Amino acid sequence: MTPDNRKLFEVVTGPISIDEVTARVSSPDRGGITLFAGTVRGITGDLVTDYLEYEAYAEMAEPVLAQIAAEAQARWPSVSAVSIVHRTGRLEVGDVSIVIAVAAAHRQDTFEACRYIIDRVKQIAPIWKREVGRDGGVWVEGPESSVGDAAPMATE
Amino acid sequence: MARRCIRYVRAQATMTTTLTVRVRTFAVLRDALGFGEQSLEMPVGADVASLLSRLAETHPDANLPARRFSVAVNRIYVTRDVVLQDGDEVALIPPVSGG
């Protein structure tokens, strides 16, 4: 899968370019863009991770990412464009796993909206990571996941 | 005569008592169940809960009743009382950990 810059919400298998995601939301009437990049952490307390394997239910994840952006734009109507790109497959320590770009005419609401979006991704986007370290691999069950509850799409 | 035969076949088809769904599993649930995708025949009128009961019976080692997961039908999260339709894609979705 090569990145398709006409899509705002995408699951890709190759490296993500922060500049390229930024370009997806840039326009002359937008003067503020907040970016979030999630990267692979190699050290968590005493735990050492060699690499991560990400898996997605891509056909569902892309519409869920669009739904999350719509929620954010309903809360912060000044936000005029959002792009969310998530990478799957094997990622090494330091690799970028997700980039979120939130654009508006003025900066104020873009920070809060961006934070809301990454929090919601961790709650409901059908994407998983397997941590592989010295003792083998283990699927991570996200502590913020609301999947498993009765209505995971609902906002709190 | 040929036309009459076709009508008979059609009548039989509309009286069918089973439907077929495509079951998809991910991450820890795929490992536990041992398949990522499978077609499953269920009786007409079956809901998500009955499909999960069937999987629990056919895959006892997966220990489904003890696991926490959500279900999506045709890529939308649903509750377990949703009635299945022929051709539905039913996904078993363990707690997510993207980002």
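The dialogue below treats the sheet, then the helices, then the cores of this predicted model.

Q: In what order do the four strands of the open sheet in chain A lie?

A: Strands of a sheet pair through backbone hydrogen bonds, in either a parallel or an antiparallel sense. In chain A the order is E1-E5-E7-E2, with mixed pairing. From one strand to the next, the twist averages 10°.

Q: In which sense do E1(A) and strand E5 of chain A pair?

A: These two strands are parallel, and four bridges join E1(A) to E5 (residues 79–87) of chain A. One residue pair can be followed directly: Phe9(A) has Ile84(A) in E5(A) as its bridge partner.

Q: Which helix packs on the sheet, touching E1 and E5 of chain A?

A: Helix H2 (residues 58–75) of chain A does so, and its direction makes about 145° with that of E1(A). Helix H1 (residues 18–25) of chain A lies across E1, E2, E5 and strand E7 (96–104) of chain A, at about 150° to E5(A).

Q: Which residues have the most contacts inside the largest nonpolar core?

A: They are Ile117(A) and Ile93(B), in a core of 41 residues. Elements giving two or more residues to this core include H2 and helix H3 (108–124) of chain A, as well as strand E5 (89–93) of chain B. Beyond its neighbours within four places in sequence, Ile117(A) is in contact with residues including Ile68(A), Ala72(A), Ile84(A) and Val102(A).

Q: How many residues has the other core, which lies apart from this one?

A: That core has 22 residues, among them Met42(B) and Phe69(B).

How values were computed:
Residues numbered from 1 in each chain as written. Chains lettered and ligands numbered in written order. Predicted model: local features only at pLDDT ≥ 70, side-chain atom pairs only at ≥ 80, totals over all residues. Heavy atoms only, no water. Pairing = 2+ DSSP bridges. Axes fitted to C-alpha atoms, helices over the stretch in contact; angles between N-to-C directions. Contact = heavy atoms within 4.5 Å. Core = buried A, V, L, I, M, F, W, Y, C linked by side-chain atoms within 4.5 Å. Buried < 20%, exposed > 50% of the residue type's maximum accessible area, 1.4 Å probe, protein only.
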